[in-house]
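Open your viewer and get ready to click along. We will go from one selection to the next and say what is there.

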Amino acid sequence: MGKVVLVTGVARQLGGRFVRRIQRDPEVDRVIGVDAVPPAHHLGGADFLQADIRQPAIARLLAEHRVDTVVHLDVTGTPLSGGGRSSLKETNVIGTMQLLGACQKAPGVRRLVVKSSTNVYGSAPRDPAVFTETTPPKSLPSGGFAKDTVEVEGYVRGFARRRPDVAVCVLRFANILGPRADSPLAAYFSLPVLPTVFGYDPRLQFVHEDDVIEVLRIASHEARRSTLNSGTFNIAGDGVLLLSQCSRRLGRPTVPVPLPAVTWVGSALRTLGATDFSPEQIRLLTHGRMVSTAQMRETLGFCPRYTTAETFADFVRARGPGLLPPERVAEAVDRIAALPFLSGDDADGDRTSGDRAPGHPPTQSAN
């Protein structure tokens, strides 16, 4: 028999895409999608089971369907419609605890893949230039999705100690972008005007949603020759972009806000429902974050198709032009540069007074 793969969080676009992709692999016999709400998208030939991973019933599902591979994607920073921060934290943390408890009791489970985030490193002014998988953060996240991921990874490490026979792979994704991206940062970049922190221009890394699907697929199978897909890996596209570069490529103007007033602006945006401008996102847009992907390439054996810049370009194409598209700005600059008073000619085509003919010295300054 082939593999029986159980995937959590399939009501989200990312989970749905992964389910449709993994079931095409010849070594997979059956895929089971689990979520508390039915997905609005199709899951191909996968079976959908409506279940809340926060409830003990998830253990019965693992046993009944003889699951051997669990892919836990229901760790996210964006609540589904109708859910709030408290419900999201319960799903992220309590749901993960229940799922790990169920996996511990299921002797047939042989592989566990967990979607995590580079948010575990936090964002602080004294951070190292580049985080590796073993670099301790200067200051642990104090709340929000970042703190959830820290707690989730702690429970996963405990599970790995109790079940050393299970291959555990934790994938720390950089900010996920793409045409269908649904995240707080994608919502921020969709604002007509981008509030930024005055005096800061943070470095950002992105990973394309297509690369996310592919690396999840690699982690769900046995390791390929000369690779190892057990452990913790940073996942990001090559290169880095400054926030100022992102705004120019989006064609969206920025409004620098003094650091003391940023929290107030974030609260106002959350109240208006424009975006979840959380404290952790404010810290990211202040100090930035960059991670090393050497282990991703050398150990996991995964090379992303998209660089950080290419990922952002694909995201921009899907969002459409902003208020200041780069092409229009360039055209306006060219038109201004061609104006007579800037090109050095007056309206009659004569030289201006500041550009004398040879042999005529310039007029002496009054000073």
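**Stop one: a surface patch**

Select Val193, Val255, Leu323 and Leu324: together they make a nonpolar surface patch of about 320 Å². A patch joins nonpolar side chains (Val, Leu, Ile, Met, Phe, Trp, Tyr) within 5 Å, from residues with over 30% relative accessible area and no salt bridge (a side-chain nitrogen of Lys or Arg within 4 Å of a carboxyl oxygen of Asp or Glu). Areas come from the Shrake-Rupley method with a 1.4 Å probe. This is a predicted model, where local features need pLDDT of at least 70 and side-chain atom pairs count only at pLDDT 80 or more. Residues are numbered from 1 along each chain, and side-chain values use heavy atoms, leaving out hydrogens and water.

Now zoom in on Val193, in the loop between helix 5 (184–189) and strand 8 (194–197). Helices (H or I, at least four residues) and strands (E, at least two) are DSSP runs numbered from the N terminus. With a relative accessible area of 31%, Val193 is partly exposed (buried is under 20%, exposed over 50%, partly exposed in between).

**Stop two: a helix pair**

Next, select residues 85–105 and 144–162, which are helix 3 and helix 4. Their axes (lines fitted to C-alpha atoms over the stretch in contact) lie 10 Å apart at an angle of about 5°. That makes the two helices roughly parallel (angles under 35 degrees).

**Stop three: helix 9**

Finally, select 279–287, helix 9, whose buried residues include Ile282, Leu284 and Leu285. Gly288 follows helix 9, with a positive phi near 70°.

Definitions and conventions. Patch = residues over 30% accessible without salt bridge, like charges linked within 9 Å, V, L, I, M, F, W, Y side chains within 5 Å. Buried < 20%, exposed > 50% of the residue type's maximum accessible area, 1.4 Å probe, protein only. Axes fitted to C-alpha atoms, helices over the stretch in contact; angles between N-to-C directions. Parallel < 35°, antiparallel > 145°, perpendicular 65-115°, else oblique.
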